[in-house]
Amino acid sequence: MILERCLGSMLLALSMLSNVLGAFVGVNIGTDVSSMPPASDVVAIVKAHQITHIRLYDADPHMLKALAGSGIEVTVGVTNEEVLGIGESASAAAAWINKNVAAYMPSTNITAIAVGSEVLTSVPHAAPVLVTAMNNLHKALVAADLNFQVKVSTPQSMDIIPKPFPPSTSTFNSSWNSTIYQLLQFLKNTNSYYMLNAYPYYGYTNGNGIFPIDYALFKPLPSVKQIVDPNTLFHYNSMFDAMVDATYYSMDALNFSVIPIVVTETGWPWQGGSNEPDATVENAETFINKLIQRVSNNSGPPSQPTIPINTYIYELFNEDKRPGPISEKNWGLLFTNGTAVFPLSLGGPSQITGNSTAVFCVAKDDASEDKLRDGINWACGQGQANCSAIQSGQPCYLPNNIKNHASYAYNDYYQKMHTVGGTCDFDGTATTTTIDPSYGSCIFTGSSNSSTGRESLPPTALGPISPGGSTKLPLYKIQFLISATCLLVVLL
């Protein structure tokens with residue numbers, strides 16, 4: 001009895017621990033890639049970039065085996081094709097858990113199961129058994145004594161909320177009320193969370209010009225263009241926050257409160273067709289880096305400010321085999337050799353990791369374009385920096401914006417001149433960093449791979465780093481420590 005009470009109290013505390021440890025940014029890994037690297041290489045790339053959380057769209061045995069011992073927290077996926085069978089058979093659910101979860105734990109740190117992908121809108125014929133499938137899987141986890149480590153949920157798109165603005169009046173599509181009510185009851189009963197796929201890119205491009213693109217890209221809006229909910233007077237600084245809040249209000253309309261939301265997909269395509277002008281490298285870089293900054297501040301949306309928004313970026317690599325428009329094939333953060341499509345900046349000193357002692361000179365985020373332009377002209381002229389790489393058609397020309405061009409020019413000057421007194425200032429528009437700003441085929445002067453070609457970027461944290469500098473302990477390890485402590489207390 002003492003042991004049960006101890007474990008119960010400890011696990012209750014454990015359920016509240018994630019907020020203390022801070023929000024994370026994870027990455028989805030799709031497999032519709034024509035030159036997909038072997039699983040061991042994918043895991044090596046993930047580890048090299050210090051990505052601490054990943055989501056798989058299936059339960060690929062090669063990936064799950066390769067992830068063993070990595071400590072990376074893994075969400076495995078039940079495919080849409082599997083939902084019906086698992087929903088109709090408890091034994092099928094048990095077999096799925098035994099084969100795809102229990103067989104790999106605890107070596108592989110599986111922490112969640114995503115049941116299907118946007119089932120209500122993509123495979124509506126499976127909707128009647130969706131929650132049954134989730135219940136069957138949860139019962140199988142209980143039988144395997146894994147229900148504390150592994151949560152069950154199901155990602156849904158924003159399409160099931162017909163009018164997401166203003167957030168305070170948002171409701172789920174009433175035709176799905178019965179299923180969604182059962183879903184929310186399941187999440188509440190199992191202490192799980194709501195999985196949301198939220199894409200400001202589509203909110204903007206399908207919005208008929210109602211909202212400015214800066215709102216979708218986390219950029220500040222002038223005071224006369226602030227986005228305000230007229231009912232609550234909450235100010236929304238980004239469409240991302242408004243989408244999350246619309247989902248919280250939709251749950252509240254069904255009398256469910258404070259079921260946490262995890263954004264299982266969001267991102268921005270970096271290339272599109274002639275009719276997709278907003279799918280650019282510059283916009284993707286802006287969205288991803290500002291998203292990382294937003295999530296890392298550990299706050300929630302205006303209606304739930306104390307609940308951080310854990311988020312998975314879509315996606316690791318371009319899925320060039322996907323059907324549809326050009327943009328559909330170009331959401332990847334990295335090329336398959338591990339190099340980044342564009343610079344990834346976390347902006348927080350506590351998140352800079354790795355053993356590199358190289359120092360680079362880059363443009364500040366808040367520097368004025370006029371001053372940056374003056375800085376480029378000086379560096380490439382009087383400063384004698386080699387600026388050929390940022391000319392049209394050259395490796396560092398894209399993304400074609402003043403900040404990236406200034407960073408390259410500033411750094412080339414600094415690498416050549418700092419030993420004889422050259423500084424990284426440029427009228428206050430530059431700063432030094434230990435994060436290698438190289439990306440793709442654009443290699444910055446001073447990079448450790450500048451003469452051999454880059455095999456991978458230096459460690460770039462896409463997950464939270466604690467103030468002490470180490471990533472947080474996986475949940476199952478914390479639980480083991482708690483259990484061991486309780487047992488010790490009883491024995492003494």
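Among contacts between residues at least 6 apart in sequence, 72% join residues at least 24 apart, where contact means heavy atoms within 4.5 Å. You're looking at a predicted model, in which local features need pLDDT of at least 70 and side-chain atom pairs count only at pLDDT 80 or more, while totals for chains, interfaces and linings use all residues. Residues are numbered from 1 along each chain as its sequence is written, and side-chain values use heavy atoms, with hydrogens and water left out.

Start with everything selected. The protein has 16 helices and 13 strands; these are DSSP runs numbered from the N terminus, helices being H or I with at least four residues and strands E with at least two.

Now colour the strands. Nine of them form an open sheet with parallel pairing, in the order β5-β4-β3-β2-β1-β11-β10-β7-β6; two strands pair if DSSP finds at least two bridges between them. At the edges stand β5 (151–153) and β6 (155–157), each with a single partner strand, so one side of each has no neighbour in the sheet. From one strand to the next the twist averages 25°.

Select residues 53–56, which make up β2. Is each face of this strand covered or open? Both are covered: H53 and R55 are buried on one side, I54 and L56 on the other. In general, side chains in a regular strand alternate between the two faces of the sheet.

V27 is the residue opposite I54. Bring in helix α3 (residues 39–48), and β1, α3 and β2 give you a right-handed β-α-β unit: with the strands pointing away from you, the path from the first strand over the helix to the second runs clockwise.

The chain then goes from β2 through helix α4 (residues 61–66) to β3, another β-α-β crossover that is right-handed. Strand β3 (residues 73–78) runs parallel to β2, joined by 3 bridges, and T75 in β3 faces R55.

**Over to β6 and β7**

Pick residues 194–197: this is β7, parallel to β6 and joined to that strand by 3 bridges. The bridge partner of P155 there is M195. Show helix α12 (residues 239–253) too; it lies across β7, β10 (261–266) and β11 (311–313), at about 135° to β10. Axes here are lines fitted to C-alpha atoms, for helices over the stretch in contact, and angles run from 0 to 180 degrees between N-to-C directions.

**A helix pair**

Helices α5 (residues 80–88) and α6 (residues 90–102) pack at about 120°, axes 5 Å apart. The contact is made by E82, G85, I86 and E88 of α5 with A90, A92, A93 and W96 of α6.

Strand β13 (residues 430–433) runs antiparallel to β12 over 4 bridges, with T431 opposite V362.

Finally, click S407 in helix α15 (residues 402–417). Which residues does S407 touch, leaving aside neighbours within four places in sequence? They are C361, V362, A363 and F444. S407 is buried, at 4% relative accessible area, and a polar atom of its side chain lies 3.0 Å from the backbone nitrogen of A363.

Terms used. Buried < 20%, exposed > 50% of the residue type's maximum accessible area, 1.4 Å probe, protein only. Polar contact = N/O pair within 3.5 Å; in protein donor to acceptor, adjacent residues only side chain to side chain.
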